[in-house]
Amino acid sequence: MKKVVKFGGSSLASAEQFQKVANIIHADEGRRYVVPSAPGKRNSGDTKVTDMLYKCADLASQGKAYAKELGKIKSRYEEIIKGLGLKISLKADFDEIAKKLEDGAGSMFAASRGEYLNGKVLAAYLGYEFVDAANVVRFKDEETLDPEETYRLLAEHLKEHERAVVPGFYGSLKNGKIVTFSRGGSDITGSLVARAIKADIYENWTDVSGFMVADPRIVKNSEVIHTITYKELRELAYMGASVMHEDATFPVSQVGIPINIKNTNDPEAEGTMIVAQTSKTSKYTITGIAGQKGFTSITLEKNKMNAAIGIGRKALQAFEEHGVSFEHMPSGIDTFSVIVHQDEFAKKEQQILAQIEESCEPDHMDIDSDLALIAVVGRCMKSARGTAGRIFAALAHAHVNVKMIDQGSSELNVIIGVSNDDFENAIKAIYDIFVEAAL
C-alpha cells in the first residue's frame, strides 16, 4: 500500500513533535511520501515561522533591517536540529535567503522557505530523500497551478525514490521563480503528490481528531464525523468549516483517492475518512453544520416579476460590474433576494443600488444586513422525513428568527439565514436536535 502523509505546522513545531511524526511514519511501511508544513506555534503565545518569514520580506521590501527577525527563525530550526540530535547545518540556506531578500526575491520566496527548510530537516531525520517542490510543482503564473505538468514532474521524480519528503505550500514557474499557494496550501501539495503517485490513501495529519459535526468553539465536545463524502465536505468548507484547505480535495476526488484526517497527538484515533461515495449511513440524519457571519440580503419586489424577462441577469450584472460576487439567490413569484458578503457590498453599495434601480425598475427594494448563513449538510437528509421541520422547530424553540431559507436541488444541504446575534444559538439548537437528542 502506498500512502502520502502530510503533517501540519503544529505537528512539526518542535523537536518533540518531530519525534511523534517520525514514530507515526515508521509505524506503517506504506507511509512512503511525506509533505511537511513550516513549523507552527509551540504554544498560544508563539508565532508561526511563515508569519516570521513574511515579516522579513516586508522589512526587506521597505529597505529596513530584517537580520534580527531572520535570526529568530534560524534559532527555531537550530533548536529543532539540536533536539533531534542531527548534525546538519542550514547556514548556507540562510545565507541564500538573506541574499535573495536583498535582491528583492519577494514575499512568496520568503514564505516558501519555512516548508523548504522543514523538509530538509525532516528528510535528514527520517533518512528519506529530499525533493524540492520547486522542481516538481509547476505554476502557469503566480495564481494558476499547471496540474498536468505537476503530475508529470512528480511521477517522473518520485519513481526514482522509494521514500521521499516533498515540502508543501510552494512550487515554481517554468523560469524557476518561486510561487506559493494560499495559506494552508501544503494540503494541496499532499493531494497533488497522492494523485501523481496513484496513492491508495492520503493521510492529512493535524492537531484535531477529525472533522467535527459542528465548530468545537461553538459546540463543546462536538462529535467527530467518521465518514464524509467530498460533496458534503465541499458544502461545509464553503460555509467556513476548516480542517484542511478547501482546494485540496479536487486532485484526489477526481480519481477516487480517499483522505484520512488524523491527529498527530492521538494517532490511534480513527479520525475522519473523506471519500467519493459510500454505502455507510451517517450516525445522525445530518453530517455536519457550518456557517459564517457578515452577509447582506438585497431583496427586489416587482409585480409580475415572472414575466419580466432578464430581470435576474440585470440585477446580477450590477454586482458583477462592481466586482461583488453573490452567494445565494432565493426567490419567490414576485421577489428575489441576492445574498452578498457585507464588507464587499458596503464599498460599492450606492453604485450597485442605483444601477439596479435603473435597469430593473423594482416596485420596492429592501436591504437586510448583519446576516449569518448556516449550512446543514447531510447525504442522509433526502431520505429522512421531516428534516426541515426538525430544523425549524429547533430554531423556534431557541427563539431564533429565520430570515432566509435556501435548499439545493441535490437535497444535500439546507442553508438558513439568521441574525448575526443568533448565529451561535442557532448552531447549538440544530446540533442539539440532531445529535444530542440521538445520543
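The legends below walk you through close-up views of a predicted model.

**Before you start.** Because the model is predicted, local features need pLDDT of at least 70 and side-chain atom pairs count only at pLDDT 80 or more, while totals for chains, interfaces and linings use all residues. Residues are numbered from 1 along each chain as its sequence is written, and side-chain values use heavy atoms, with hydrogens and water left out.

**View 1. Helices α3 and α5 meet.** Helices (H or I, at least four residues) and strands (E, at least two) are DSSP runs, numbered from the N terminus. The axes of α3 (residues 67-84) and α5 (residues 107-126) come within 11 Å and cross at roughly 10°. Axes are lines fitted to C-alpha atoms, for helices over the stretch in contact, and angles run from 0 to 180 degrees between N-to-C directions. The two helices are therefore roughly parallel to each other, a label for angles under 35 degrees. In this contact (heavy atoms within 4.5 Å), α3 contributes Tyr-77, Ile-80, Ile-81 and Leu-84, and α5 contributes Arg-113, Gly-114, Leu-117, Asn-118, Val-121 and Tyr-125.

**View 2. Helix α10 has a buried side.** Look for Ile-311, Ala-315, Ala-318 and Phe-319, which are buried in α10 (residues 311-321). Buried means under 20% relative accessible area, and exposed means over 50%, with partly exposed in between (1.4 Å probe, protein chains only). These four cover an arc of only 95° around the axis, which puts them on the same side of α10; the arc is that of the directions from the helix axis to the C-beta atoms. On the other side, Arg-313 and Glu-320 are exposed. The buried residues of α10 pack against β13 (288-301), β15 (335-341), α11 (342-347) and α12 (349-360). Just after the helix, Gly-323 takes a positive phi of about 70°.

**View 3. Strand β13 and its partners.** Of the 14 residues in β13, 10 are buried. This strand runs antiparallel to β16 (residues 364-377), joined to it by 12 bridges, and Glu-301 has His-364 as its bridge partner in β16. Another 7 bridges join β13 to β15, also antiparallel. Here Thr-299 stands opposite Ser-337, and Ile-298 has Val-338 as its bridge partner.

**View 4. The open sheet.** Six strands line up in the order β14-β15-β13-β16-β18-β17, with antiparallel pairing. Two strands pair if DSSP finds at least two bridges between them. At the edges, β14 (326-328) and β17 (404-407) each pair on one side only. Neighbouring strands of this sheet are turned by 40° against each other on average, direction ignored.

Definitions and conventions: Parallel < 35°, antiparallel > 145°, perpendicular 65-115°, else oblique.
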